[in-house]
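Visitor: I'd like to learn how to read helix packing in a model. Can you walk me through it?

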Amino acid sequence: DQPVPERLRQVARGAEESVAFFEAAMPFMHEIYALATRPGPVRTAMQGYYRRYKAALADLLAEGMARGELRPHDPAVMAVAFIVQFEGLLLLWVVSPEDFDLHAHWQPMAEFFIQSLLSEGTQAARCAVFGFLASAIW
């Protein structure tokens with residue numbers, strides 16, 4: 001069973017990889033966002049998707065907190081923070097791709113978020129491993 005921080009990194013990579021579909025359909029994405037702001041089937045479908053996404057992330061974050069890998073927080077709030085980072089960047093990229101490069105910005109943003117959640121024990125373990133590796137190399 002992989003540590004939760006690594007599984008969060010996999011979620012981040014998967015989110016970015018899913019964007020390949022959107023790149024081919026960029027003009028269509030403008031319409032999707034427009035339709036999602038009004039009552040109807042697109043909005044309903046997107047709301048369901050985001051509810052499931054939020055619940056799955058909250059469960060993963062709660063697991064990491066229970067295992068002591070992540071600092072204690074409200075997992076639902078942290079799930080929203082993760083989703084908002086990605087979806088906000090995605091929206092800005094759709095609207096202004098020359099100013100917001102999803103592929104260049106998402107992974108560093110996700111890693112910053114994950115690092116901010118690491119428990120002190122997880123951070124200390126990472127430092128110890130890095131220190132060991134550094135001393136072995138130099």
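Visitor: Let's take helix α1 and helix α4. At what angle do they pack, and how far apart are their axes?

Guide: The general idea first: two packed helices are described by the angle between their axes and the distance between the axes. Keep in mind that this is a predicted model. Here, α1 (residues 4–24) packs against α4 (residues 75–95) at about 25°, and the axes are 12 Å apart. That makes α1 roughly parallel to α4, since angles under 35 degrees count as roughly parallel.

Visitor: What is the handedness of the crossing of α1 and α4?

Guide: The crossing of these two, α1 and α4, is right-handed.

Visitor: And which residues of α1 and α4 meet?

Guide: On the α1 side you have L8, V11, A12, A15, E16, V19 and E23, and they meet F82, F86, L90 and W93 of α4. Sorted by class, the contact of α1 with α4 holds nine nonpolar and two charged residues, with no polar ones.

Visitor: Now for another pair. How do the axes of α2 and α3 cross?

Guide: Read this pair with the angle and the distance again. Helix α2 (residues 26–36) and α3 have axes that come within 7 Å and cross at roughly 90°. The two helices, α2 and α3, are therefore roughly perpendicular to each other. I32, L35 and A36 of α2 make the contact with V42, R43 and M46 of α3. By class, that contact of α2 with α3 has five nonpolar residues, one charged and no polar.

Visitor: Let's zoom out to the largest nonpolar core. How many residues does it have?

Guide: The largest nonpolar core has 34 residues, and L8, L61, L70, L90 and W106 have the most contacts inside it. Each of α1, α2, α3, α4 and α5 (102–117) supplies at least two residues of this core. The largest share, nine residues, comes from α4.

Technical notes. Residues numbered from 1 in each chain as written. Predicted model: local features only at pLDDT ≥ 70, side-chain atom pairs only at ≥ 80, totals over all residues. Heavy atoms only, no water. Axes fitted to C-alpha atoms, helices over the stretch in contact; angles between N-to-C directions. Helix = DSSP H or I, 4+ residues; strand = E, 2+ residues; numbered from the N terminus. Parallel < 35°, antiparallel > 145°, perpendicular 65-115°, else oblique. Left-handed = near helix turned anticlockwise from the far one by under 90°. Contact = heavy atoms within 4.5 Å. Nonpolar A, V, L, I, M, F, W, Y, C, P; charged D, E, K, R; others polar. Core = buried A, V, L, I, M, F, W, Y, C linked by side-chain atoms within 4.5 Å. Buried < 20%, exposed > 50% of the residue type's maximum accessible area, 1.4 Å probe, protein only.
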